[in-house]
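The tour below moves from one selection to the next and says what to find at each stop.

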Amino acid sequence: THCSMLIDLVAVPVASIGGMVIGALWYSPLLFGNLWMNLSGMSKADMDKAKQKGMTSRYVISFVGLLVTNYILALFVQYAGATTFVDGAVVGVLVWLGFFATSMMSIVLWENKPFGLYALQTLHYLIVLSLAAGILAAWG
């Protein structure tokens, strides 16, 4: 039954580490870091100033957020009965479409940010969630 579900407490941090690695690459100058800075209206000087204030606590908070997200995502994966990477990835895509892609539209609608920023950020979450849900399904 759903009440007796056990979440694999190794798979959740592994999926979360994967999400952090994807984010580090996604927002690096190697991929989309410069585009993100441009769309966000941030300069290199702004980024340097943020780094001087210390980034460690921001990374820790982001990681804790991913742990929570992936724990709840693991529940969705189990409720869906996903047991393969592909089935899990589908759950991740559905969670992204139903919750992330829709709620993040507010950055365009209410914060007057460019659509490109919305696309860049939501596509990042699409990859992170589909990979994490795939890992969580296949791991279990």
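**Stop one: Ala-89**

Select Ala-89, which counts as buried because its relative accessibility is 16% (buried means under 20% relative accessible area, exposed over 50%, partly exposed in between, with a 1.4 Å probe and protein chains only). Ala-89 is found in helix 5, residues 85-103. Helices here are DSSP runs of H or I with at least four residues, strands are runs of E with at least two, and both are numbered from the N terminus.

Leaving out residues up to four places away in sequence, Ala-89 touches Ser-130, Ala-133 and Gly-134. Contact means heavy atoms within 4.5 Å.

**What kind of model this is**

This is a predicted model, in which local features need pLDDT of at least 70 and side-chain atom pairs count only at pLDDT 80 or more, while totals for chains, interfaces and linings use all residues. Residues are numbered from 1 along each chain as its sequence is written, and side-chain values use heavy atoms, with hydrogens and water left out.

**Stop two: the whole protein**

Zoom out and show the cartoon. The secondary structure comes to 7 helices and 0 strands, and the pattern along the sequence reads α-α-α-α-α-α-α. Taken along the principal axes, the C-alpha atoms fill a box of roughly 55 × 30 × 25 Å. Of the 140 residues in the protein, 35% are buried. Among contacts with a separation of 6 or more, 75% are between residues 24 or more positions apart.

**Stop three: helix 4 against helix 7**

Select residues 56-80 for helix 4 and residues 115-139 for helix 7; their axes come within 9 Å and cross at roughly 60°. That angle makes helix 4 oblique to helix 7. The crossing of helix 4 and helix 7 is right-handed. On the side of helix 4, the contact is made by Leu-66, Thr-69, Asn-70, Leu-73, Ala-74 and Val-77. Helix 7 contributes Val-128, Leu-129, Ala-132, Ala-133, Leu-136 and Ala-137. By class, the residues of the contact of helix 4 with helix 7 are 10 nonpolar, 2 polar and no charged.

The terms used at this stop have these cut-offs:

- Axes are lines fitted to C-alpha atoms, for helices over the stretch in contact, and angles run from 0 to 180 degrees between N-to-C directions.
- Angles under 35 degrees count as roughly parallel, over 145 as roughly antiparallel, 65 to 115 as roughly perpendicular, and the rest as oblique.
- A crossing is left-handed if the near helix is turned anticlockwise from the far one by less than a right angle, and right-handed if clockwise.
- Ala, Val, Leu, Ile, Met, Phe, Trp, Tyr, Cys and Pro count as nonpolar, Asp, Glu, Lys and Arg as charged, and the others, Gly among them, as polar.

**Stop four: helix 2 against helix 7**

Keep helix 7 and select residues 33-40 for helix 2; the two axes come within 9 Å and cross at roughly 140°. Helix 2 and helix 7 are therefore oblique to each other. Their crossing is left-handed. Leu-35, Trp-36, Leu-39 and Ser-40 in helix 2 meet Gly-116, Leu-117, Leu-120 and Gln-121 in helix 7. The contact of helix 2 with helix 7 has 5 nonpolar, 3 polar and no charged residues.

**Stop five: Thr-122**

Stay in helix 7 and select Thr-122. Is Thr-122 buried or exposed? At 3% relative accessibility, Thr-122 counts as buried. A polar atom of the Thr-122 side chain lies 2.8 Å from the backbone oxygen of Tyr-118. Apart from neighbours within four places in sequence, Thr-122 is in contact with Trp-96, Phe-100, Ala-101 and Met-104.

**Stop six: the loop between helix 1 and helix 2**

Select Tyr-27, in the loop between helix 1 and helix 2. Tyr-27 is partly exposed, with a relative accessible area of 25%. Not counting residues up to four places away in sequence, Tyr-27 touches Gly-33, Trp-36, Leu-120, Gln-121 and His-124. Tyr-27 and Leu-120 are 93 residues apart in sequence and 9.5 Å apart in space, C-alpha to C-alpha.

Finish on Ser-28, also in this loop. Ser-28 counts as buried at 13% relative accessibility. The backbone oxygen of Leu-25 lies 2.8 Å from a polar atom of the Ser-28 side chain.

Key
A polar contact is a pair of N or O atoms within 3.5 Å; within protein, one must be able to donate a hydrogen and the other to accept it, and residues adjacent in sequence count only if both atoms are side-chain atoms.
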